[in-house]
Amino acid sequence: MDKKQIALILGILLVSAALLAGCTQQQAPPQGIKMGAVVSLTGAGSNVGKHMKQAAEMAVSEINAQGGVFVKAYNKKLPITLIVADDETKGDSAVKAVTKLISEDNVDILVGGYSSGVTTATQGVIAEKKVPYVVTGASSPDITRRKDVNTSYFFHYCPTTAMYGQYTILFVDQVMRPAINERFEFPDNRTLRLAVLYQDSAYGKGVLNGVISTITANNLNIEIVSNQSFKLGETDFRTTLTAIKAAKPDVIYPAAFPSEQIPIVTQARRDLNLNTIILAVETNDNPDYYKGIGRFGEYSILESRFSPYTVPPTSVAAADAKFKADYIAKYGAFPDMMGVSTYEGVYVAAKAIENTGTLDKAAVRDALANLQMPQMVEAIKGGIIKFSPDYREVQFELFMTQLIWDDKAGENRPKIVWPENQKEASFVLPDWYQAGTG
Amino acid sequence: MALDFGILIQVLFWGLYAGCIYILLATGLNLIFGVMKIVNFAHGELLMLGAYITATVFVLSGFNPYVLIPFTMFVLGLIGIGVERLCFRPILGTGKLNEIFLSLGLIYIFQNGVALIWGDDRQVLNSPYQTISVPIGDIQLPLDYIIIILVTALILVGLYVLLRRTDLGRALRATSQNRKGAMIVGINVERMDMISFGIGSGLAAAAGTLWVVSGQVFNPYMGSLPAIKAFAIIILGGLGSIPGAIVGGLIYGIAENGAAYFLGGIWKDSISFLILIVVLIFRPTGLFGEEGE
């Protein structure tokens with residue numbers, strides 16, 4: 001064998017070794033599953049964002065304590081690495097945050113999203129990159145129903161504004177209207193006067209649309225006598241509430257974040273002497289809300305699916321109590337609703353990855369679409385978490401609470417007043433209540 | 001929308017209250033601009049600092065927050081002096097861009113510093129008089145807002161007395177009118193810069209305190225929008241004109257609330273800038289401004 005032949009053989013061996021090494025590397029499992037959490041740590045949504053972050057961290061910590069998620073493609077459990085990004089409750093900041101998660105951090109899946117307007121701003125980027133996103137806070141139905149963006153990678157793991165708007169208005173019609181009519185001896189066919197005060201965003205408009213469609217679809221005897229909007233982050237509602245007061249409503253339905261709902265309630269009751277019942281959307285079921293509204297929120301109504309201070313008498317009662325105990329032990333504070341849906345959202349994402357056995361995004365997306373897993377902390381209709389085939393939404397069991405003052409706590413505490421199968425107290429129309437008109 | 005007189009009075013009242021916050025903020029800004037001819041975009045952050053200092057001392061001590069106003073004004077006055085000495089003094093005369101970037105940098109320093117110390121969360125305080133209303137005819141006006149209007153008037157009277165009836169005030173006005181002339185007659189203009197910045201910061205602190213006492217939500221980023229509006233007010237009223245700041249603040253407060261009532265809440269901020277544009281078209285120097293400013 002001459003030198004040229006030896007050199008040729010050595011060269012072939014070296015190239016073969018390099019190729020084999022490359023193949024081996026391609027087969028090496030990733031170090032973990034990268035899960036991006038999009039939360040509002042600053043801005044108008046920060047009261048809620050911190051709970052979403054903490055709850056996500058708690059879920060990841062629990063999963064990793066068991067070794068992580070078993071991914072069949074690598075025949076091993078992979079830990080989850082949670083990468084938290086602050087969307088600052090602003091659309092442009094959210095786009096930057098999500099772009100970084102996808103392009104630089106190379107996340108396998110996303111969870112979170114609070115403000116609907118902010119979340120919808122990120123959908124173009126996420127849809128283009130085809131990253132599965134379990135949305136756990138933003139409630140606009142547009143997120144999975146809009147036609148201008150491919151929403152097939154978006155999974156709505158929280159009730160939409162249409163769902164809880166409907167629930168709330170049915171409660172108003174079935175419980176509040178008869179109570180008001182009875183107190184003031186109004187005829188049964190008296191039209192209830194409703195005022196809606198909504199955040200000028202996809203979320204707020206979604207609630208308004210949910211209210212209107214519920215009234216129309218069910219032919220309810222409710223008239224919207226005033227609808228006023230405000231910009232996200234507004235803090236002074238006095239003039240807007242004055243306009244609402246001028247319309248003489250029986251009930252006021254704000255669609256607001258806690259940082260807005262708190263001044264709405266306090267300014268309405270304290271500054272304008274609006275002696276009416278104020279409703280609240282579920283996002284306000286947050287410990288800071290109870291603290292912020294003080295006694296001014298007494299007898300107000302709060303639609304919910306998870307409350308820090310009460311447990312619905314359903315099959316998830318034990319899981320609810322355990323989650324709260326674990327969260328308090330870890331963070332020294334009560335959890336809030338968006339936190340628990342984000343906690344569950346992490347488990348949902350993990351289950352989908354386990355089910356499909358790979359980190360391939362298209363496969364994970366399909367696994368989410370076909371997911372069926374038992375309910376966890378929040379009660380789900382039928383007891384099984386599954387996304388609807390058309391718009392990838394989940395049906396939660398909702399309930400209505402009324403806030404009653406608790407001297408011992410020095411704050412209001414919720415009592416479930418509807419529906420009947422979850423009720424723990426009857427709805428109370430306070431002595432100071434004044435109907436809009438006779 | 002039917003116009004009820006009682007409702008109109010209430011809307012005017014809310015406008016007057018909002019105007020008080022703007023007046024104090026814009027007057028402070030105008031005082032600083034008048035003497036130093038610098039633009040401080042971080043002025044809204046001084047309002048924010050005032051809000052936090054008042055809220056913190058109130059929670060820790062239980063002192064009536066209205067009583068804390070002089071204390072907060074004093075503390076912010078000292079901070080203002082520090083900012084003037086350490087930040088603006090070294091770059092005075094080196095160009096407007098330097099002033100702008102410096103104040104933009106101060107915005108982030110203040111916002112992030114407060115977020116680090118107090119957290120990002122939006123907070124709200126309750127005034128000790130929150131449950132008290134004063135009946136005026138058919139209307140119940142919350143006592144807090146009456147106090148806020150009176151406190152604002154008192155501060156403005158005090159400022160008037162200072163500027164018109166004291167040697168210090170005359171020196172400040174002289175510096176603002178003609179800096180070189182003031183130097184020639186022996187006025188220490190650098191001392192005037194320091195004092196004007198201190199007083200301007202104190203006025204911002206008063207605005208922040210009244211914001212907190214009225215039960216509005218406060219957070220580290222609350223100063224941005226009021227600062228922009230304060231700039232719009234001083235342009236509307238005339239750069240360097242304190243009467244202009246007062247009139248401009250009132251116009252803004254009432255116009256915003258009027259727009260919110262008649263057009264809807266989302267028009268509240270837009271109307272302020274629409275007014276500015278309209279006024280500048282007809283009077284480019286502002287309502288009380290002078291040529292050349």
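**Burial and overall form**

User: What percentage of the residues in chain B is buried, and what makes a residue buried?

Analyst: In chain B, 51% of the 293 residues are buried. A residue is buried if 20 or more other C-beta atoms lie within 10 Å of its own, exposed if 12 or fewer, and partly exposed in between, with the C-beta atoms placed from the backbone. For chain A, the buried part is 55% of 438 residues. The model is predicted, so local features need pLDDT of at least 70 and side-chain atom pairs count only at pLDDT 80 or more, while totals for chains, interfaces and linings use all residues. Residues are numbered from 1 along each chain as its sequence is written, and chains are lettered from A and ligands numbered from 1 in the order in which they are written.

User: Why is chain B called as compact as a globular protein of its length?

Analyst: The radius of gyration, taken over C-alpha atoms, is set against the globule rule, 2.2 Å times the number of residues to the power 0.38. Chain B has a radius of gyration of 19 Å, close to the 19 Å that the rule gives for 293 residues, so chain B is as compact as a globular protein of that length. Its C-alpha trace spans about 60 × 50 × 35 Å along the principal axes. For chain A the spans are about 110 × 40 × 35 Å.

User: How many helices and strands does chain B have, and what counts as a helix or a strand?

Analyst: Chain B has eleven helices and two strands. Helices (H or I, at least four residues) and strands (E, at least two) are DSSP runs, numbered from the N terminus. In sequence order the elements of chain B run α-α-α-α-β-β-α-α-α-α-α-α-α. Chain A has 13 helices and 16 strands.

**Domains and contacts**

User: What are the domains of chain A, and where do their bounds come from?

Analyst: Domain 1 covers 33–160 + 316–385, and domain 2 covers 162–311 + 398–422. These bounds come from an automatic or database domain assignment. Over C-alpha atoms, the centres of the two domains of chain A are 28 Å apart. Their contact takes 26 residues from domain 1 and 24 residues from domain 2 of chain A; two residues are in contact if their C-beta atoms, placed from the backbone, lie within 7 Å. On the domain 1 side, α2 (46–65), α4 (116–129), α11 (317–331) and α12 (337–356) of chain A each supply at least two residues.

User: How many residues does each chain give to the contact between chains A and B, and which element of chain A gives the most?

Analyst: Chain A gives 28 residues and chain B gives 25 residues. Within chain A, α2, β9 (222–230), α8 (238–246) and α9 (258–271) each supply at least two residues of the side that touches chain B. Of the elements, α9(A) gives the most, with seven residues. This side of chain A has six nonpolar, 15 polar and seven charged residues. Ala, Val, Leu, Ile, Met, Phe, Trp, Tyr, Cys and Pro count as nonpolar, Asp, Glu, Lys and Arg as charged, and the others, Gly among them, as polar.

User: Why are α8(A) and α1(B) called roughly antiparallel?

Analyst: α8(A) packs against helix α1 (residues 5–36) of chain B at an angle of about 170°, with the axes 9 Å apart. Axes are lines fitted to C-alpha atoms, for helices over the stretch in contact, and angles run from 0 to 180 degrees between N-to-C directions. Angles under 35 degrees count as roughly parallel, over 145 as roughly antiparallel, 65 to 115 as roughly perpendicular and the rest as oblique. The two helices are therefore roughly antiparallel. Arg238(A), Thr239(A), Thr242(A) and Ala246(A) meet Ile7(B), Gln10(B), Val11(B) and Trp14(B) there.

**Single residues**

User: Why is Tyr299(A) counted as buried, and what stands out in its backbone?

Analyst: Tyr299(A) counts as buried because it has 20 C-beta neighbours inside 10 Å. Its phi is positive, about 75°, although Tyr299(A) is not a glycine. Most residues other than glycine have a negative phi, and most peptide bonds are trans. Tyr299(A) is in the loop between α10 (287–293) and β12 (301–304) of chain A. Also in chain A, the peptide bond from Trp418(A) to Pro419(A) is cis, with omega near 0°.

User: Why are Lys37(B) and Arg89(B) counted as partly exposed?

Analyst: Lys37(B) counts as partly exposed because it has 18 C-beta neighbours inside 10 Å. Arg89(B) is partly exposed because its count is 14. Lys37(B), in the loop between α1 and α2 (43–61) of chain B, has a positive phi near 55°. Arg89(B) lies in helix α3 (residues 69–91) of chain B.
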